[in-house]
Amino acid sequence: MSPPTHAQTYASRAQKLKNPAGKALLEVMERKQSNLCVSVDVTSKKDLLDVVKSVAKFVCLVKTHIDIVSDFDQDLIDQLVGLSKAEDFLIFEDRKFADIGNTVSLQYGAGVHKIASWAHITNAHLVPGPGIIDGLKTVGEPLQRGLLLLAEMSSKGTLAKGGYSQECVKAARANQDFVFGFIAMHRVQDDDLADSAAPIERDAEEFLVLTPGVGLDVSGDAMGQQYRTPQQVIGESKCDVIIVGRGIYGALLKSDDRASAIEQVRRQGERYRVAGWQAYEQRLTDHASVSAASVLLDTSVPTSSEMNIFGYGSLIFKPPPHTIRRTVGYIRGFTRRFAQSSIDHRGVPSRPGRVVTLVEAKDWHAFADAEDTPEGDIVWGVCWTIDPAHAKDVRAYLDHREINGYTPTYTDIWAPSTNAWSADEIVVKSCLVYVGLPSNPAFVGPSRSLQELAEYIYTCSGPSGRNDEYVLKLARATRNLSDQVRDSHLFELERILLQIRKREGLPLLDDDVVDEEREQRIMEEVIARNKANGKPL
């Protein structure tokens, strides 16, 4: 199976793109070693051209708002196109079309600006429906232009998120010859990979994510713009192009010394190019390191054609596709901890959530501030057996879904013996399980206290919902696996979160009530039973 898209080079990804403008953009990025788009949101022809000339050799893309240029004329377009050819960059007119198909076709191809005649790329909202793509396509496709859909925006309080973003993804998949990517804050095209009903095969798909709101020196402005660093955008959110505006040309708006201001614009352009490209190279390196570790761990692949996968997080209550059998049990030598950051599902880049990961016990206990595990280094969950006819596809799906910080390995599944006087026994041998390596970029390690972790989780939310509801759902599902289940970390976190929800006035569902006496009794029984059977504590 090929590596996930974000772990492939821009050059290799260019081979898969069906749209010529998107393909050309990736090729420019590789040639110039730049994933920087400069957003030149100025109102005069001279300012626009001076900024472009200053940063042309550092950028792969120049973004314009041509309708705000007060002295627009054809000479501006002629000079801009000439610079794009001489300095090897593409032009992106940030028009944000949002009308019916017939109207946008006229706005795109006719009028004063005749955008399609000179802009390699433009963008559109999907609010009017997919007809807007059809309208723009009739004009742009013959000219080998490309379209980006506005799936998300960087402004505070944006309504472009969630279900709307996924409708943009669906429309893009249906028009890959013209739509080659998104304006978004993260890889929106990957959001449904965790949905077992989603198509598993994505190797032939290619979309770019261009992300605005990038800044090295500020985190926001008075009008609701929010900024993230190139490392956060390219490295953590796995986006492809950083869009930078005032962070580059801002000096031109503040200084009366034009020559000095232009030189500062040039320096900022170079600074952002370096930061963006370093984040991309580090992303490739990080994936290569995790992949190498995977090869070292993934040594005992079972010879049986039957595929088994151990779920210890959302897979407990949300099985993978094509399951034919469910086996409850536990694994030894691991700990389950909320030590993995989430920016795509239960958090956002500005406030990552916390999701569960599985860590080898020896790695976890090496941390000085790691809490104890009184029930021993065991983790309860569900082993799902996959229909052999679909095993290859499901494995590919799981590898893609779990690639952000998780490494595949194999371990045995244990369960209590059916004979009350016998020790626990192995019920599934060599079951696939995805574990977290402390070296992976999303790993955050132990928290100073569970109270602190719970207070943080309570404040997080992402496209998949509230972070605390994920914890509560997992705790309920885990508790219901067996009356012998005990997980001090998970259940104590659940207890604290329920207290916080009560404090904050959130409703407590009937099945959110924890019987603390029962939990203490089970804990004591499990510890006593483990001692009697000689299990590690």
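Student: What is the average pLDDT of the protein chain?

Tutor: pLDDT is the predictor's confidence in each residue, from 0 to 100. The protein chain averages 84, and 83% of the residues score at least 70. Over residues 194-200 the pLDDT stays under 50. It is also below 50 over residues 289-303. Where pLDDT is low, the predicted coordinates should not be read in detail.

Student: How many helices and strands does the protein chain have?

Tutor: Helices (H or I, at least four residues) and strands (E, at least two) are DSSP runs, numbered from the N terminus. The protein chain has 16 helices and 17 strands.

Student: What share of the residues is buried?

Tutor: Buried means under 20% relative accessible area, exposed means over 50%, and partly exposed lies in between, using a 1.4 Å probe and protein chains only. Of the 537 residues in the protein chain, 55% are buried.

Student: How do I read the packing of two helices, such as α3 and α4?

Tutor: Angles under 35 degrees count as roughly parallel, over 145 as roughly antiparallel, 65 to 115 as roughly perpendicular and the rest as oblique. Helix α3 (residues 45-55) and helix α4 (residues 74-87) pack at about 5°, with axes 11 Å apart. Therefore α3 is roughly parallel to α4.

Student: Which residues make the contact between α3 and α4?

Tutor: Contact means heavy atoms within 4.5 Å. Helix α3 contributes Lys45, Leu48, Leu49, Val52 and Lys53, and α4 contributes Asp75, Leu76, Gln79, Leu80 and Leu83. Ala, Val, Leu, Ile, Met, Phe, Trp, Tyr, Cys and Pro count as nonpolar, Asp, Glu, Lys and Arg as charged, and the others, Gly among them, as polar. By class, the contact has six nonpolar, one polar and three charged residues.

Student: Where is serine 105, and which residues does it touch?

Tutor: Serine 105 lies in helix α5 (residues 101-109). Its relative accessibility is 15%, so serine 105 counts as buried. Leaving aside neighbours within four places in sequence, serine 105 is in contact with Gly135, Thr138 and Val139.

Student: What is the phi of glutamine 33, and what is that of aspartate 88?

Tutor: Most residues other than glycine have a negative phi. Glutamine 33 has a positive phi of about 50° although it is not a glycine. Glutamine 33 sits in the loop between α2 (20-32) and β1 (36-40), and is partly exposed at 41% relative accessible area. Aspartate 88 has a positive phi near 65°. Aspartate 88 is in the loop between α4 and β3 (90-97), and is partly exposed at 26%.

Definitions and conventions. Residues are numbered from 1 along each chain as its sequence is written. This is a predicted model: local features need pLDDT of at least 70, side-chain atom pairs count only at pLDDT 80 or more; totals for chains, interfaces and linings use all residues. Side-chain values use heavy atoms; hydrogens and water are left out. Axes are lines fitted to C-alpha atoms, for helices over the stretch in contact, and angles run from 0 to 180 degrees between N-to-C directions.
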